[in-house]
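Keep the structure open beside you as you go.

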Amino acid sequence: MRIGIDLGGTKIEALALDDAGAELARRRVATPRDYAASLDALVRLVADIEREADDTGPVGIGIPGAIVPSTGAVKNANSTWLIGRPLARDLEARLGRPVRVMNDANCFALSEACDGAGAGADVVFGVILGTGVGGGVVVRGRCLVGPNLVAGEWGHVALPWPDASELPGPPCYCGRRGCIETYLSGPGMARDHREATGETRDTFDIVRRARDGDAGALATLARYHDRLARGLAMVIDILDPDVIVLGGGMSNLPGLADAVRERLPRHVFSDTVTTRVVPNAHGDSSGVRGAAWLWPASP
């Protein structure tokens, strides 16, 4: 078996998969906001999973950040207590076995590429639409990381083909303006609706009001669909993936994949668009499953 762990800011989830992808055990605990305590929690989770499954296996971990190859230190993590720490090295010492660590968006993409909505495709782009916007690229079953550790970070590219009303764009925490994340994240949609209508509503309320025929909410969803199609058209122009898998809380918007597919031909630099845009297959479990899939199946 192989063990996957999703080390999130509020929870740590672990599971074990067999070679066919069947789940053997699962555990979840709250994330301690402290490095040493997080290490302790990870070690306990591995022990609990192995006791429940009555087996041992290699460990993969998805984190909200990246590992710098030259130092082994964590960077760009919103779980700030991990930054600068040699997480993989410390955990390997505690567990007495190799550990593989990968960005959590890459783990999502890997999960969907291995046995999810992108299974069987050569190139899969996994999209995270949530509190932030990120992504991961999987090519023939392997995560594409890149020398700068930012492959798939389409959320911090400027929204393509903006009209006058979208310039210079909202400020982003990264220091720039008009990033895709400022439009397509959950807070981005709520901000856009507030600026257009004067109403302060969360995404759930916007969707509910659109379902009831509210003109302002319908217009907000239409802008969201168009901006998402523009952003993904840019990805297709650069990467040309076989499949784009939508994930994160915003991917649950009704009819989102269909709305994007309908709009892509307006923007992609091709007279045909055969890239499939699909909802994810594993939902909130995709990240932890992808962490397990960081270890290939046994021969």
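**Exercise 1: a pair of helices**

The model is predicted, so to speak of local features takes pLDDT of at least 70 and side-chain atom pairs need 80 or more, while totals for chains, interfaces and linings use all residues. Residues are numbered from 1 along each chain as its sequence is written, and side-chain values use heavy atoms, without hydrogens and water.

Task: find the angle at which α5 and α7 pack, and name the residues that meet.

Step 1. Locate α5 at residues 186–197 and α7 at residues 215–239; helices are DSSP runs (H or I, at least four residues) and strands are too (E, at least two), numbered from the N terminus.

Step 2. The two pack at about 130°, with axes 10 Å apart. Axes are lines fitted to C-alpha atoms over the stretch in contact, with angles from 0 to 180 degrees between N-to-C directions.

Step 3. That angle makes α5 oblique to α7 (under 35 degrees is roughly parallel, over 145 roughly antiparallel, 65 to 115 roughly perpendicular, the rest oblique).

Step 4. Among the residues that meet are Met 189 and His 193 in α5, and Leu 221 and Tyr 224 in α7; contact means heavy atoms within 4.5 Å.

Step 5. The contact divides into five nonpolar, four polar and three charged residues (nonpolar: Ala, Val, Leu, Ile, Met, Phe, Trp, Tyr, Cys and Pro; charged: Asp, Glu, Lys and Arg; polar: the others, Gly among them).
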